[in-house]
Amino acid sequence: ALAWLARAPEPFFLWVHYYDPHATYDPPARYAEVFPGRPYDGEIAYVDAELGRIVEALRADQRLDRTLVVATADHGESLGEHGELTHSYTLYDATLAVPLLVRGPGVPAGAVVGGVVRTVDVMPTVLARAGLAAPADLDGSDLAPLWQASAAPSPRIAYAETLATELHHGWSPLFAVRSATHHYVRAPRPELYAVATDPRQVRNLLEGGGAGPGPIVAELDAEIESRLAGATAVRPTAVDAETRARLQVLGYALPEQPRARSGVDPKDGLAALETYFDALKLFEAQRFAEARARVEVMLERVPTSALGHALLARVHVMEGHADLALEHAEAAARLLPQEVSYAVLVGDVKLHLGDWAGAERAWRDAVRRESDHPLTQSALTAAEARAGRVREAQAAARRARELSPSSPEIARRIAAAWEQAGEYERALAAYREALALDPDSRETHMLLAIQLARLGQGADSARHLEQAGAWAQVPHLRNRLGIVHAARGEAARAEAIFRDLMRQHPSYLTVRRNLAILLREQGRLREAAQVDAGA
């Protein structure tokens, strides 16, 4: 941004997006030291300093006093308020009240506007300061009249919504309006707060029976209804396939798919969501048994959570139980049919089960539903490569990388597609590409170790195996390594891996079967029979 600013002609418009502060909270070391145990505050301080670099660059060029500078945010973080750890699943001031600072010609220094202002007001405010006419159909309006010395507090009403509750879990969506005096949330159990006396929004005026503040609710509910009616009247904006695909990857555009909805009030679902995030952290730490236990508790509370079923499916795969994973992958795909990643997951699980035809059907179904998505294109790579259509597989792999060029996950999926098709050199190159995108990925180190062992590059394989850390102990990956050693005639190494896995995971039947096959191939029939019998 600073390099662009240094050569920007006038007039110029510069938008700088700082992703921090945002979960997960991991500020640079010097800010973590200043805010020990408060990583969110550390990230705020970090962004404040980075924003200061832009301001100082304008000052150094003598352009600051003739430049309009606006700093704001798209949301806050709950940090545990109302049972929400981050954002997206509630509509309270904890996430809706964000900074809005304006500095520039004609803007009084130190003025504070009372009442409610909105992010939709930023655009017309900027256009007015630049001497440009705002389109007639904007939702917002110029804020300048509110910062005059004699101005009354803003009478505006702010509208907010979240569909993440529906899109991620199948819960009810939430809609809210906020005035200077009240905050109303439309939910299966609606909520109304008097913000002047209850700024933290903890006393729902609609609870406890009785008629409640009927006229206020009717007025605010009508405001929500008018916003929703206006939204349905807006004509869809035509965008090219590339733009739409990029928006979908970011989560800001959705495929035209039916949405499942359970009707669960997000207030009830949130109690289980914290358990989900605990399970996710355990999964990412390769503590699969603990992760499984936590997500099973979560699904007991909210059995309709597609997110929970998908995570449990992944846990079962990592533990070597693809047979148990299939039920949950299919449940996730059924509960949220608009989430194409779950259709891809069904195919992935079927591949682990050896059901190649089923995997291909699931993947191609995902491609039909949403072709311009990196996950579906990586799945198409696998389908085409396994069918021997190398040129088509290469085209799908290129498209997947174009759609998500910096994703190590997509690079790993492409590598796995080539590996499954027996294109081992291509797989090795793709795994190296994934490692280049994320040099610290222990998972990629493990996958590289397996591939290098397959190609007879033992020293390099051992080096990456050492760097894999806990990923070197993931059951289904260790099983793959054992299979590679067995295929290369390195029976002793394969047997050691299989027997170790059997000791640690006695219910992992695939390993037992692999060991029995290895023993038969060596003529050790009695031992093979004992393994088959579970001795």
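1. Buried means under 20% relative accessible area, exposed over 50%, and partly exposed in between, computed with a 1.4 Å probe on protein chains only. S404 is buried because its relative accessible area is 12%. The residue lies in the loop between helix 16 and helix 17. S404 touches P374 and I410, leaving aside residues up to four places away in sequence; contact means heavy atoms within 4.5 Å.

2. On the source: this is a predicted model, where local features need pLDDT of at least 70, side-chain atom pairs count only at pLDDT 80 or more, and totals for chains, interfaces and linings use all residues. Residues are numbered from 1 along each chain as its sequence is written, and side-chain values use heavy atoms, with hydrogens and water left out.

3. The sheet is open, with 4 strands in the order 3-4-5-6 and antiparallel pairing. Strand 3 (158–162) and strand 6 (191–194) are the edges, each pairing on one side only. From one strand to the next, the twist averages 15°. Strands (E, at least two residues) and helices (H or I, at least four) are DSSP runs, numbered from the N terminus. Two strands pair if DSSP finds at least two bridges between them. Angles run from 0 to 180 degrees between N-to-C directions, with axes as lines fitted to C-alpha atoms.

4. Strand 5 (residues 182–186) pairs with strand 6 in the antiparallel sense over 4 bridges. The two form a hairpin with 4 residues between them. H182 stands opposite A194 in strand 6, and V185 stands opposite E191. E191 and Y193 point one way from strand 6, L192 and A194 the other. All four residues are buried.

5. Now the second largest pocket. It holds about 160 Å³ of space. A pocket is an open set of points on a 1 Å grid over the protein atoms alone, with protein on both sides within 12 Å along at least five of seven lines; lining residues have an atom within 4 Å of a point. The volume is the space filled by probe spheres set on the points.

6. Helix 16 (390–403), helix 17 (408–420) and helix 18 (424–437) each supply at least two lining residues of this pocket. The lining includes Q394, R398, W418 and E433. By class, the lining residues are 6 nonpolar, 1 polar and 4 charged. Ala, Val, Leu, Ile, Met, Phe, Trp, Tyr, Cys and Pro count as nonpolar, Asp, Glu, Lys and Arg as charged, and the others, Gly among them, as polar.

Notes:
On a 1 Å grid over the protein atoms alone, a cavity is a set of points where a 1.4 Å probe fits but cannot get out, and a pocket is an open set with protein on both sides within 12 Å along at least five of seven lines; lining residues have an atom within 4 Å of a point.
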